[in-house]
Every structure is written in C-alpha cells, then in structure tokens.
Amino acid sequence: MPAEIGTKLVSAKFGNEAAKTLAGYEKLGGYQVLRKALAMRPEDLVNEVKASNLRGRGGAGFATGVKWGFVPKDSPAVHLVCNADESEPGTCKDRELIYWDPHLLIEGMIISAHALRAVHNYIYIRGEMMREYAVLVRAVEEAYQRGYLGKNILGTGLECHLTVHRGAGAYICGEETALLNSLEGRRGQPRLKPPFPAIKGLFGEPTIVNNVETLMNVPIIIDKGAQWFAGLGVGRSGGTRMICVSGHVERPGVYELPIGVTFNQLINEVCGGVWKGRKVRAVIPGGTSMPPLSVDELDVPIEFDALMTDERIRPVEVRPGQLFDLGGGRQLRTMAGSGGVVVIDDHEDLVKAVWRIMKFYAHESCGQCTPCREGTGWLEKVCRRVANEQGKPDDLELLASIAHGIAGNTICALGEAAAWPMLGFLTKFRADFEAKIGKVRAA
Amino acid sequence: MSLEFSAEAQKKIAALCERYPSKKPVVLAALHLAQKEFGHLSDEALQLVGHTLDLPYAHVFGVATFYTMFRREPGGKTTIRVCTNISCMLRGGYDVLAAFESKLGLTKGQSNKDFGLVEEECIAACANAPAVVCGTKYFLDVEPAQVEEIIRYLREHPHPESEVV
C-alpha cells in the first residue's frame, strides 16, 4: 500500500532525546533486526534490498541492491563507506538523521556490511558537522562496548569495524571518489572512472559508498520485508523520501513524505503555502545542481523517474530552439537529486539567486579539470555583472556557451552541477536575464 | 622540533592509526588535532604532523591547503560561520552577515583575537535559514536583531574552531 502523508520510517525518532542513546534505542527495539540479519546469508540480504526498490538517497537515485551486486564475488577485502558529507545547497536531512538516530545508521551499516562481507567500514562525515560528529563517535563507542561492533559481533564469529572519519571543509568530498581520496588522507579530488569504487575503491579494494538515509532504510527493509517497502513507493522507487524544504514557504522543514507527493502538495499542504501570501516563481527540485521548475510544472510527483521523464517538464535548452543533449539524444528535464527543495517567490531577483548558486560552484570546484576550474569562475563573474545590471548584450550567449563547454567534459559531476542550473534558469526564466541586460542598454 | 603534541593527542593519533591499513588516512584528524592544540597550522605544525605520520612535508602541506577549515594563520578563538547560500540568502542571510560585520567591526574573512568571521557555504541547516554555526553550536532562524545577543553569548561560551576532534 502506498505510504500516506505522516508515514515515518527513518525520521520516526526525531525529537526523542532518549532514543539517541544505546539504551533508549534498544528499548524501542533497536538492534533486534541486526540479530535477524546476521542469521541470514549475505546474498539473501542483497536480494532483499534489490527487491525493495531502495534507491540511493544521495542524489543519483541508483538502485542500492544493484550497486551492491557490482562487488566482485570472492573479493578478499570489501569496504562499506557511508557518505555523510551532506553539502548540496538546500539539503539538510542527513545532518538531522544522524543527530536524532545515530544507532539506526550504525545498525544499517552493520547489516549492510554483512551483506557485502565488508569488515573495515567508515562513515565520512562533513568537517563542519562537529555536533553530529560528536554524536556519532559516542554512538559507535557504545556499539563497540555492547558487542555490536568488533572482532566477533554478537558471538557470530563475524568481524565488523566502524570508524568515523571527519572531513575538513570541501563540498567536492561528497563525490564518492573524492571522498575516498579524502578518506585515504589525500586532497579530495575525484578519480577517473572506470574503475568504479565497487571494483577498485578505498585502498584499491572493492568499496560501496552509500548515503546516510539509504543505509538507515536497510534495517527497516529487513524488518518489514522488501515487498512492504517497495509497496510504500511509486513505480521503481520504494519507501519514503526525506524532503528538505527551504526558501519562501510558511513552514520550511525536513519532512519524511510518500514518494508520490507533488511539488504543489508539498508547498501548499505540507508547508502551509508560499510566505507572505505571495506566489511561487521557481522551484529547485533536489539541491541547487538540478535544473529548476517553473510554476506550471509543479504537479509532477517528487520521484526519481518522473522528474527525468515527465513530459510536463520542459526540457533544458542550450539556447532557444536547441535542446541540451544528455548523450545519445536524451533530453535533460531535471532530477530528484538530494531531496533539497528550494521554493522561490515572485518577489525575488532570480538572476541574483542564480549568481549565488554559481558563486558556490566556483568556490567549490577542486581545480582538477580545466573546463570546471575556469568555467565555474567565468559563470560566476558573468552572472554577477548581469545581476548588477552591468551585463553586455551577448552575455546570455556567453553564459550558455560556457555552461555547455563544461557539461560532459570533466572527471566528476561538479561540472554539470554548475552547468545544468545555469542552462535550466536560462531556458525557463530567460526574460529575467534579458530585462537586466535591457536596463544597461536603456541607460 | 619546537612543537609537540600533548599526550592525549598522541594517544588519539595512535588509536586512529590502528583503524586504517597505513598512517596516511590519519592526516586529516592529526591536522584537526594540531589546529586544536596550536590554534593554527604553522609550518612547524605541518612538520610535526608529517613527522608523526611518516609523511613528506609536501603531502601534509597539500592536504592542509586543500580544505577550508584548516587555517595557516592565527585567528579568533571562535569562528562564526554565517551561511549565505541560496536557502539562507532567500531569507536574509546577507543581512545577518552584514549585522555581524558591523557589530564585530570585522569584514568577512577577517578575525580578531576573539572571533573570526566567515561567509560560509551551505551548512545543511536550510530549513532553519538563515543559519550560523560556531563549532558544535548552531544558531537557527537568525534575525539581524539577534546578532548582538549571539556575540555576547559566544564571548561567554567560546566554541573553538576544532573543539571536537
């Protein structure tokens, strides 16, 4: 049965201080699923997660069980790494999830590590999240003391270790291969793929990198069953989704919601509508790297496949009349991304907002690939002058050409993360940019 | 070598080295510890980290200069990180930053002995924008009028840059 608004899986313990301790978590049934999972064969666990339609909650929405299946059979050493480097602007769910329910994450990691036969496992947490780092370190210590982690967990003869590894300020470390480099004690610069981490990852060994929310769903799937979890969702997306709503709504917040909820439902029914009685102008659907939606595209469900394929969403253009090609003639509409929904009202200076997004990507480019290192800086500079009404007549063509020159030409997706919203805003809100340039010419 | 890690820090580093197949992955934690103990990462501090983990100075330098939380120069006791990214900007993040600049007499990027002021990128508190973070302490839904009170609070309760390592 599809989930209803109010169904809570991973956020069920939000606000419950007692549940953060091991004793409190156990009192609510915590670590019981672990006992069940450790008695299961690893391949059965992988199949269960495959059947659940759990998809990666970090941004790409890749099927978790399928990803797990990429690890070569009989690998002598495998690692599971939790990506807790949440930094995509507009996204604020993992920080809350860690803070309120650290043991659910740890239980999910131990079960997942058993499924992958992984022994040495890591949580890579963003450097700025000092409060959450302290919460996690304490919870991991508790789990060791209780025998859930260690050389012989719960007397099963299985070995499982978990280390919390703290970053030090770099958005790029959310990219999984940059994260692995940072975990190895290097500068956080992405690696060329292939080989993919599942084949050659941490310390050169097969590694699965999963998001916090993804791993926290695993104990729930093993407890309640894959069919039940798949049934909560829509199409090929099982379970619920943590949606972070920020910007111009009456009640911004981090909400766990059914996957089929539309943007209009989210804004009007969950978040109390647009603030100050205003109207929606634009919505960023899943973190700032995703192309925006305009007001007539908000009846689409917030679901991975729908946002990529629903024909009610206008495809992104490189310039008027020329569609952006994702490769093989595929159109780019948008993506569900990281669950960060940013609502922008009709009083906001959209060009200034786009400039702020570009400023972020220019700041965070790791500098490894020329198109991104130079291009993100140019996007920021040109956007700034257009926003300040100092733009030149051909600046829109220039912005499009820079963005198009970045996309597809870099080692990692940070290039697209800057290029896609740039092209998306130019496609759907071109008049705003033209008006800024028109003011220069009129002066 | 002029700098030495405290006994507690040495113990922490030794324990962390057990968690990885080599000492290299401990470099971030060792740099955080060095920053906590010495206030900033001077050339001597980088040498100490390299010496402790058997890493070349060039490698430690490369890592220390890649990540924004590591500082090579002395700074204020508490770093005030004001987010101005999109979600915070939409609800007045730049006004909050301006209020901090005016009340502290600092421009973003500057510091005095008590405070450093940083214009921060998204700190994952978007649903409570504008947000400010100082070490383990978050200030949420901040209004410019509250800035003076926040500064007073932080004077009494400093949150050092690497308070938790």
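Predicted model: local features only at pLDDT ≥ 70, side-chain atom pairs only at ≥ 80, totals over all residues.
**Entry 1**

I started with the strand order. Four strands of chain A form an open sheet, ordered 3-2-1-4, with parallel pairing. Strand 3 (161-166) and strand 4 (207-211) of chain A stand at the edges; each has a single partner strand, so one side of each lacks a neighbour in the sheet. Neighbouring strands are turned by 20° against each other on average, direction ignored.

Next I went through the pairs. Strand 2 and strand 3 of chain A run parallel and are joined by six bridges. Within this pairing I noted A:Asn121, which stands opposite A:Leu162 in strand 3 of chain A. Strand 1 (residues 79-84) of chain A pairs with strand 4 of chain A over five bridges, again in the parallel sense. Here I picked out A:Asn83, whose bridge partner in strand 4 of chain A is A:Asn211.

**Entry 1: helices on the sheet**

I then asked which helices of chain A touch these strands. Helix 6 (residues 102-116) of chain A lies across strand 1, strand 2 (120-125), strand 3 and strand 4 of chain A. Helix 6 runs at about 150° to strand 1 of chain A. Helix 9 (residues 212-224) of chain A also packs on the sheet, where it touches strand 1 and strand 4 of chain A. The direction of helix 9 makes about 95° with that of strand 4 of chain A.

**Entry 2: strand 3, buried or exposed?**

I checked strand 3 of chain A residue by residue. Six of its six residues are buried, so the strand is largely enclosed by the rest of the structure. Both faces are covered. On one side I find A:His161, A:Thr163 and A:His165 buried, and on the other A:Leu162, A:Val164 and A:Arg166. I set this beside the sheet order: strand 3 of chain A is an edge strand with a single partner.

I looked for nonpolar side chains on the surface. A:Phe62, A:Val66 and A:Phe70 form a nonpolar patch there, and together they have about 260 Å² of accessible area. A:Val66 sits in helix 4 (residues 64-68) of chain A. Its relative accessible area is 35%, so A:Val66 is partly exposed.

I then turned to A:Thr262. This residue is in the loop between strand 6 (253-258) and helix 11 (263-270) of chain A. A:Thr262 counts as buried because its relative accessibility is 13%, and the cut-off is under 20%. What does A:Thr262 touch, leaving aside residues up to four places away in sequence? I listed A:Leu298, A:Asp299, A:Val300, A:Pro301 and A:Ile302.

**Entry 3: chain B**

I moved on to chain B and counted seven helices and four strands. From the N terminus the order is α-α-α-α-β-α-α-β-β-β-α. The C-alpha trace of chain B spans about 50 × 30 × 25 Å along its principal axes. Of its 165 residues, 54% are buried. Chain B exposes about 7,000 Å², and carbon and sulfur atoms supply 50% of that area. For contacts between residues at least 6 apart in sequence, 65% join residues at least 24 apart.

Just after helix 3, B:Asp54 takes a positive phi of about 55°.

Conventions
Residues numbered from 1 in each chain as written. Chains lettered and ligands numbered in written order. Heavy atoms only, no water. Pairing = 2+ DSSP bridges. Helix = DSSP H or I, 4+ residues; strand = E, 2+ residues; numbered from the N terminus. Axes fitted to C-alpha atoms, helices over the stretch in contact; angles between N-to-C directions. Contact = heavy atoms within 4.5 Å. Patch = residues over 30% accessible without salt bridge, like charges linked within 9 Å, V, L, I, M, F, W, Y side chains within 5 Å. Areas by Shrake-Rupley, 256 points an atom, 1.4 Å probe, with all protein chains shown as cover. Salt bridge = Lys/Arg side-chain N within 4 Å of Asp/Glu carboxyl O. Buried < 20%, exposed > 50% of the residue type's maximum accessible area, 1.4 Å probe, protein only.
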